[in-house]
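Open the model in your viewer and colour it by chain.

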Amino acid sequence: MSGAVPDPDVDKRPNAHITTASGQTLMTVSGDWTMHHGRMLEAILASGKSVTGVNLSIDFVGITGLDTLGALVLARLREAVQKTGTTVTFTGMSQEQELLLSEISLSPQAVKSHKTINLIDILEDVGRAMAGFGRDLINGVSFLGGVMAAFGRVMLRPRMFRGAAFVQQLEAFGFRSVPIIALISFLVGGIIAQQSVFQLRTFGTAAFVADLLGILVLRELAVLLTAIMIAGRSGSAITAELGSMKMREEIDALRTMGLDPMEVLIVPRILALIVAMPILTFIASLAGIFGGGLVAWFYGDVSPDVFLTRLQGAIKFNTFMVGMIKAPVMALVIGLIASIEGMAVKGSAESLGRQTTASVVKAIFMVIVVDGLFAMFFAAINY
Amino acid sequence: MQHPVPKAERETVIEVRDLAVGFGDRLVNDGLSLDVYRGEILGVVGASGTGKSVLMRTIVGLLPKKRGTIHVFGQDMEHLNERERQAIERRWGILFQQGALFSSLTVKQNLQMPMREYLDLSESMLDDLATMKIEMVGLKADAGDKYPSELSGGMIKRAALARALALDPEIVFLDEPTSGLDPIGAGDFDELTATLQKTLGLTVFMVTHDLDSLNTICDRIVALGEGKVLASGDMQAMQNTTHPWLKSYFSGPRAHLAVGKGR
């Protein structure tokens with residue numbers, strides 16, 4: 001309410017008054033030697049270091065407050081002056097001040113070296129990145145082997161299969177992703193139909209939108225959109241979950257109980273992804289074609305009858321299968337990358353964030369690379 | 001801390017009156033009153049779930065209270081504005097049970113976090129001050145460049161204590177400082193607490209289960225139960241209480257061992 005609190009700082013400023021008389025230097029310190037006056041204390045330390053003489057006596061009588069910073073400054077001052085061969089004595093200290101000063105231990109002040117960036121550093125970084133990429137690849141293959149071995153073990157002893165975990169993950173990755181994936185595919189299908197109709201109209205062949213949409217959505221779009229959404233939605237969840245379990249030593253706890261984290265945690269998740277992906281891809285295909293069909297009808301004046309007839313003529317069973325074959329492979333890629341990154345988390349919260357980001361970025365990148373490889377493969381075998 | 005107060009006219013730094021804190025319908029603290037005096041080491045004990053940590057967290061403002069008043073340094077915590085609260089928060093430091101060191105920062109950066117926020121110091125001075133505090137709590141200077149995940153349990157406690165002391169607080173709250181430490185490590189930590197209390201003139205509010213700490217370094221013990229303070233006083237007074245839990249806690253075989261060692 002009053003607002004104007006008198007500033008106590010002004011009259012309690014730390015001060016060091018130096019007088020010299022017959023070879024004796026007397027430094028009278030006064031005021032609050034506390035953190036509050038950090039810069040002033042630093043200034044006193046800087047100027048005080050130049051004191052020379054045979055004896056320096058530091059008188060504490062006027063001091064009104066001393067905390068660890070004040071004590072540190074005094075100790076550094078004493079250290080600096082003693083180096084020049086001057087003897088330093090403290091006088092007028094209270095018991096507490098003496099105790100505090102005696103507890104201050106001085107370690108040599110670290111000298112910071114400034115790092116300069118040069119060409120060699122850049123080359124070194126590039127080299128490290130390439131080596132890291134190679135290591136990632138080898139890790140990925142060896143992890144895939146581990147997962148396959150765990151799959152095999154589960155297959156041989158079906159009782160070991162964690163049914164409850166599998167269903168739980170299937171719900172999280174599959175069922176709960178349906179709305180967002182259907183919505184995205186619906187919208188993208190609509191946008192593509194609109195663009196196609198717009199271009200085809202100039203040739204008077206707007207009805208061909210059905211051919212274009214059907215092939216594009218079934219072969220590429222549905223599976224790519226689904227894979228990217230799942231990488232962002234479920235891949236990140238797997239990494240974060242495994243990573244935080246690693247941080248809290250839960251994974252170590254599993255191992256000590258004789259349970260293989262690969263079997264208990266990773267196999268159900270990857271399997272759930274492999275089952276969920278084709279279903280989601282199928283739903284995405286339907287939603288995409290539905291969205292495109294609606295736009296073709298209302299925007300392009302292509303009636304549903306014409307659209308469906310053209311669609312039937314344009315797509316064959318293999319068009320549908322191309323998308324479906326890719327789906328489980330994409331799921332495996334996403335699941336593997338997410339699990340590897342999750343198991344790579346170290347103790348800190350920062351590391352968890354870094355690995356989750358890496359998981360999503362790597363998964364999306366690999367999904368697109370794998371899609372490209374599939375495109376080349378299918379073209380080569382004329383499928 | 002520069003003006004020691006004689007025992008006779010002890011200043012009350014924390015005054016809790018008729019405090020009630022709870023979750024849902026259940027009240028953990030109900031009608032609790034407590035004084036903490038300047039310069040003492042106060043040990044707070046009680047069975048699990050009697051609200052020791054809840055009391056501590058309520059005093060520092062992490063939990064809302066349902067009833068009662070809390071005065072710290074004579075100021076009612078309820079009627080403070082942001083700035084006044086901050087000024088008080090600068091004057092206490094807290095050691096959390098698990099340390100709560102920021103895992104993405106080194107020990108030294110952890111210590112410098114509050115310093116950068118509140119102090120105006122040059123970079124080299126910040127380093128010097130942080131290193132000094134790290135050595136003050138008995139760690140080697142090179143521990144400053146390590147990350148919390150690279151430290152042992154005892155080192156984490158010490159580093160967390162150093163962070164709690166970063167701004168030279170007047171009160172430190174310690175939440176089970178010796179839990180998870182081996183007996184020798186726990187003893188060392190008690191000694192460190194006592195030394196720092198003397199050198200820095202601290203008031204220590206310590207929640208603990210450790211009979212050794214209670215016996216060797218606490219000036220006064222407060223026992224919580226049934227939402228209230230059951231008893232307060234020194235070890236002797238505790239052993240003479242009639243409350244069944246306190247009786248078994250302070251007169252059990254472990255207590256006799258602790259008292260036998262300490263005295």
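Predicted model: local features only at pLDDT ≥ 70, side-chain atom pairs only at ≥ 80, totals over all residues.

Residues are numbered from 1 along each chain as its sequence is written, with chains lettered from A and ligands numbered from 1 in the order in which they are written.

**The two chains**

Select chain A. Its secondary structure comes to twelve helices and four strands, taken as DSSP runs numbered from the N terminus (helices H or I, at least four residues; strands E, at least two). Of its 383 residues, 34% count as buried. Buried means that 20 or more other C-beta atoms, placed from the backbone, lie within 10 Å of the residue's own; exposed means 12 or fewer, and partly exposed is in between.

Switch to chain B, which has ten helices and ten strands. Buried residues make up 46% of its 263 residues.

**The interface**

Now show both chains. 24 residues of chain A are in contact with 26 residues of chain B, contact meaning C-beta atoms, placed from the backbone, within 7 Å. On the chain A side, the elements giving two or more residues are α1 (38-48), β3 (55-66), α2 (68-83), α3 (95-103) and α12 (349-380). The largest share, four residues, comes from α3(A). By class, the chain A side divides into nine nonpolar, eight polar and seven charged residues. Here Ala, Val, Leu, Ile, Met, Phe, Trp, Tyr, Cys and Pro count as nonpolar, Asp, Glu, Lys and Arg as charged, and the others, Gly among them, as polar.

Select Thr199(B), in helix α6 (residues 183-200) of chain B. What does Thr199(B) contact, leaving aside its neighbours within four places in sequence? The partners are Leu99(A), Leu100(A) and Glu103(A). Thr199(B) is partly exposed, because 19 other C-beta atoms lie within 10 Å.

Next, select α2(A) and helix α4 (residues 123-136) of chain B. Their axes come within 11 Å and cross at roughly 105°. Axes are lines fitted to C-alpha atoms, for helices over the stretch in contact, and angles run from 0 to 180 degrees between N-to-C directions. Thr68(A), Leu69(A) and Leu72(A) meet Asp128(B), Leu129(B), Met132(B) and Lys133(B).

**Helix α12 of chain A**

Select α12(A), which has 32 residues and reaches 47 Å from its first C-alpha to its last, close to the 46 Å expected at 1.5 Å a residue. The expected span is 1.5 Å times one less than the number of residues. Its buried residues include Leu352(A), Val360(A), Lys362(A) and Val367(A). The buried residues of α12(A) pack against α7 (209-247) and α11 (317-343) of chain A. Just after the helix, Asn382(A) takes a positive phi of about 60°.

**The cores**

Last, select the largest nonpolar core, which has 93 residues. A nonpolar core is a set of buried Ala, Val, Leu, Ile, Met, Phe, Trp, Tyr and Cys residues joined through C-beta atoms within 7 Å. α2(A) gives the most to this core, with seven residues. Among the residues with the most contacts inside the core are Leu42(B), Phe173(B) and Val172(B). Leaving aside neighbours within four places in sequence, the contacts of Val172(B) include Trp92(B), Leu165(B) and Leu202(B). A second, separate core of 57 residues includes Val217(A), Leu242(A), Leu271(A) and Ala327(A).

Note on methods
Contact = placed C-beta atoms within 7 Å.
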